[in-house]
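These are my notebook entries on a structure that I went through residue by residue.

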Amino acid sequence: MRSLRTGLSLASLLSGLALLVPASTASAADVPLRDLAAAKGKVMGTAVTGSKLTGAYGDLAGAQFNSLTPGNAMKWGSVEPTRGSYNWAEADQIVNFAEAHGQQVRGHTLVWHSQNPSWLTNGTWTAAQLSQLMNDHIALEVGRYKGRLAAWDVVNEPFNEDGTYRQTLWYNGLGTGYIAQALTAARAADPAARLYINDYNVEGVNAKSTALYNLVKSLKEQGVPIDGVGLQAHLIVGQVPSTLQQNIQRFADLGVDVAITELDIRMTLPSDSAKLAQQAVDYKAVMKACVAVARCAGVTVWGFTDSDSWIPSTFPGEGAATPYDENYTPKPAYYAIAEALGGTTTPPPTGACTAAYSVTSQWDSGFTGQVKISCSGAALSSWKVGWTYGAGQRITQAWNATCTQSGAAVSCSNAAYNGTVPDGGSVTFGFNASWSGSNPVPAVTLE
């Protein structure tokens, strides 16, 4: 659908500091997600950006997933920005990468109301011309990758939230028949590819998913080639539909496959251990719903790392929606996916990351303080420290961290350059503060 662009806590008490260690410090799952999924006959996929398929991004995309979806590279506006002038470079790159890594490819997407070239959307077309344009586009793109792609999202997002048809170039120009026409053209171009209709907010049983259900039922009855439905699953933390598995099953009972095609679960930023824990519960619930239904083909996350997610630019103030953080460190959601697929994870040792608060110098009206964050047997990709002063102390200046104080409560987070604490390493930040009377060491939390 969209463009692509910590953790469960372990408590310990050290040197007067109440310390929370993120589960993102854990090692990766003992078995890659793709292998866990394959053992259950499922796909574990991710949307990718072709230009990033190198280094750590490429290594993870190749090692952890058995299916790739081009985030943008196969959309009409990308492949034919000027009429008759084509750009297949990124799409080819993704397909070649997938084949080199033993992965499937899911084509995305052929007929959609968005991300079309301006020459198409701004044109004035008769029904016959529009019909020919759609047929030609499908024949060309699907034909180019014939025999190389496992599935196509042929028609994307045909419905409004109330279950009525979305007013689009295709619906307005060709009526509801454009959907059957597109599926028929795709089947002719590649008889082996699985053909899907894909939409969002259809994960649970509701007016929109029921409209999709009725459409698929009708298409099947008419003999139109339709192999599956894609439930995008752009979800919000704590809001996985309770009827998800029931909905997957009812589509499966029509004789079609179901795929979770664009899973991400966003939260209001900043993230914290409670939100990440709930996100892990939600990812596990989605995975388990798919595992429970034989005809659920699998799950694709819409980008596996927060650095490649469309959420922050589309939903300001929200993000942290994927299984890996921006530094490619697995989040609790990653381990939840692995567990839902039957895998095991190795947790970090208790107290693997610690923090130490100290006063390095003190005078009549003020003092200089320091906090050192150290890891042994684990690592952090970001950190945030907070404490509450008990004797009227007030920070006046900080370095190597961004610190704020509201009343007695102090919050300090990493600077842009020192968020990573490697296994066996440490980071330190300091501050000046005022005091009077006494200067006791506060209890500190590291999130």
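Predicted model: local features only at pLDDT ≥ 70, side-chain atom pairs only at ≥ 80, totals over all residues.

I took buried to mean under 20% relative accessible area, exposed over 50%, and partly exposed in between, with a 1.4 Å probe and protein chains only. Residues are numbered from 1 along each chain as its sequence is written, and side-chain values use heavy atoms, with hydrogens and water left out.

**Entry 1: Thr-305**

I located Thr-305 in the loop between strand S11 (296-301) and helix H12 (311-314); helices (H or I, at least four residues) and strands (E, at least two) are DSSP runs, numbered from the N terminus.

I then asked which residues Thr-305 is in contact with, leaving aside its neighbours within four places in sequence. Taking contact as heavy atoms within 4.5 Å, I found Tyr-57, Thr-322, Tyr-324, Asp-325, Glu-326 and Tyr-328. For Asp-325, I noted that its backbone oxygen is reached by the side chain of Thr-305 at 2.9 Å. A polar contact is a pair of N or O atoms within 3.5 Å; within protein, one must be able to donate a hydrogen and the other to accept it, and residues adjacent in sequence count only if both atoms are side-chain atoms.

**Entry 2: cis peptide bonds**

I recorded a cis peptide bond between His-108 and Thr-109, with omega about -5°. Thr-109 belongs to strand S5 (residues 104-111). I recorded another cis bond between Leu-269 and Pro-270, with omega about 0°. Pro-270 sits in the loop between strand S10 (257-268) and helix H11 (273-291).

**Entry 3: positive phi**

Gln-115 is not a glycine, yet I read a positive phi of about 50° for it. Gln-115 lies in the loop between S5 and helix H5 (118-121), and I classed Gln-115 as partly exposed because its relative accessibility is 28%.

Ala-233 also has a positive phi, near 70°, and is a residue other than glycine. I placed Ala-233 in the loop between strand S8 (228-231) and strand S9 (234-236). With a relative accessible area of 1%, Ala-233 is buried.

**Entry 4: disulfides**

How many disulfides does the structure hold? I counted three, using a pair of cysteine sulfur atoms within 2.5 Å as the criterion. With bonded cysteines counted along the chain, the pattern is 1-2, 3-4, 5-6.

Cys-290 is joined to Cys-296, S to S 2.1 Å. I read -105° about the S-S bond of Cys-290 and Cys-296, a left-handed link. Cys-290 and Cys-296 are both buried.

Cys-353 is joined to Cys-375, also at S to S 2.1 Å, and the link is right-handed, with 105° about the S-S bond. Cys-353 lies in strand S13 (residues 353-362) and Cys-375 in strand S14 (residues 366-375), so the pair ties together parts that are 22 residues apart in sequence. I found both Cys-353 and Cys-375 buried.

Cys-403 is joined to Cys-412, S to S 2.1 Å. Cys-412 is buried, with a relative accessible area of 0%.
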